[in-house]
Structure formats: structure tokens, C-alpha cells
Amino acid sequence: ARQSTGVGPVASGDGRQEFEGRVAGAVQTMLAYEDPILQAQALSYLPLGKMAEAAQAAESVAAGEDMRVRYMLRWFKSDFFQWVNNPPCEHCGDP
């Protein structure tokens with residue numbers, strides 16, 4: 001029998017395999033975000049120049065980061081995404 005280290009319960013064989021599977025899946029998901037081609041594609045959508053302008057208008061580096069994040073949030077909410085209650089029909093285009 002396995003002994004507990006006092007940190008938490010000892011995982012059974014099935015529980016350990018499930019945990020290892022979940023961790024492996026999470027690692028694969030994380031690695032997808034490390035793909036330089038996908039990162040470049042995502043960055044191509046962002047208005048980086050306007051974000052930099054917003055940061056330069058700030059009084060400090062920390063405030064600049066805050067302004068950059070606020071600009072990005074505003075951009076996502078108002079320019080990039082669009083709320084749709086009734087998506088258009090794929091055939092005729094009517095909602």
C-alpha cells in the first residue's frame with residue numbers, strides 16, 4: 001500500500017491515469033497556443049498601432065499597460081465582435 005505524504009489523498013491507479021490524461025490534454029492545448037504561425041495570424045487582427053498610441057498617452061509604464069488593456073477590451077467589445085440575436089439564414093441571408 002502507498003503511504004500518504006500528508007499533502008492530500010493518494011491517487012488510485014484509475015484516478016492517477018485519469019489525472020495524467022487530463023494533464024497531457026491540457027499540455028497539448030497549451031502547446032497549440034505556442035505555434036508561431038497561429039500567434040502571427042492572431043496578432044494580424046489586432047490594431048497594435050492604436051494600442052501603442054493609447055499606451056504612449058499614459059503617464060507611466062504601468063498606466064500604459066493599463067491603457068493598452070483597456071483599449072484592447074474596448075476594441076474587442078465594440079469593433080471585433082458583434083452580438084447576434086438571430087443569425088442570418090445561410091441560404092437567403094434573412095434573420
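Trainee: What is the relative accessible area of L48?
Mentor: L48 lies in helix α3, a helix being a DSSP run of H or I of at least four residues (a strand is a run of E of at least two), numbered from the N terminus. Relative accessible area is sorted into buried (under 20%), exposed (over 50%) and partly exposed (in between), using a 1.4 Å probe and protein chains only. L48 falls in the partly exposed class because its relative accessible area is 44%.

Trainee: What kind of model is this, and what is the mean pLDDT of the protein?
Mentor: This is a predicted model, in which local features need pLDDT of at least 70 and side-chain atom pairs count only at pLDDT 80 or more, while totals for chains, interfaces and linings use all residues. Residues are numbered from 1 along each chain as its sequence is written, and side-chain values use heavy atoms, with hydrogens and water left out. The score pLDDT is the predictor's confidence in each residue, from 0 to 100. In this protein 86% of the residues reach 70 or more, and the mean pLDDT is 84.

Trainee: Which helix has the highest confidence?
Mentor: Confidence is lowest in helix α3 (residues 48-56), where the mean is 87. At the other end, with a mean of 92 over residues 36-45, is helix α2.

Trainee: Which residues of α3 are exposed, on the side away from its buried residues?
Mentor: The buried residues of α3 are M51, A54 and A55. Seen down the axis, they fall within an arc of 100 degrees, so they line one face of the helix; the arc is that of the directions from the helix axis to the C-beta atoms. On the other side of α3, the exposed residues are E53 and Q56.

Trainee: What is included in the cover over the buried residues of α3?
Mentor: Cover is judged by contact, that is, heavy atoms within 4.5 Å. For the buried residues of α3, what covers them includes α4.

Trainee: How far apart in space are L48 and R68, C-alpha to C-alpha?
Mentor: In sequence, L48 and R68 are 20 residues apart. In space, their C-alpha atoms are separated by 9.3 Å.

Trainee: R68 also takes part in a salt bridge; which residue is its partner?
Mentor: A salt bridge is a side-chain nitrogen of Lys or Arg within 4 Å of a carboxyl oxygen of Asp or Glu, and a search of the whole structure finds 3. The R68 bridge spans 3.2 Å from N to O, and its two residues are separated by about one helical turn because they are 3 residues apart in helix α4 (residues 61-80). R68 is partly exposed at 28%. Its partner, partly exposed at 41%, is E65.

Trainee: How far apart are the closest N and O atoms of D66 and R70?
Mentor: D66 and R70 are separated by about one turn, because they are 4 residues apart in helix α4. D66 has a relative accessible area of 36%, and R70 has 49%. In their salt bridge, the closest N and O atoms are apart by 2.9 Å.

Trainee: Which helix holds both R16 and E20?
Mentor: R16 forms a salt bridge with E20, with the closest N and O atoms 3.0 Å apart. R16 is partly exposed at 41%, and E20 is partly exposed at 41%. They are 4 residues apart, about one turn, in helix α1 (residues 13-32).

Trainee: Are the rings of F80 and F81 stacked or edge-to-face?
Mentor: Rings of Phe, Tyr and Trp (its six-membered ring) pair if their centres lie within 6.5 Å; planes under 30 degrees apart count as stacked, over 60 as edge-to-face and the rest as tilted. The count comes to 6 aromatic pairs. The rings of F76 and F81 have centres 5.8 Å apart and planes at 25 degrees, so that pair is stacked. The rings of F80 and F81 have centres 4.9 Å apart and planes at 85 degrees, so this pair is edge-to-face.

Trainee: Which residues do ring pairs link into a cluster?
Mentor: F76 is partly exposed at 26%, F80 is partly exposed at 39%, and F81 is exposed at 51%. The cluster linked by ring pairs consists of Y45, W75, F76, F80 and F81.

Trainee: How many disulfides are there?
Mentor: A disulfide is a pair of cysteine sulfur atoms within 2.5 Å. The sulfur of C89, a partly exposed residue at 31%, has its closest cysteine sulfur in C92, and at 3.8 Å that is too far for a bond. C92 is exposed, at 53%. The count of disulfides is 0.
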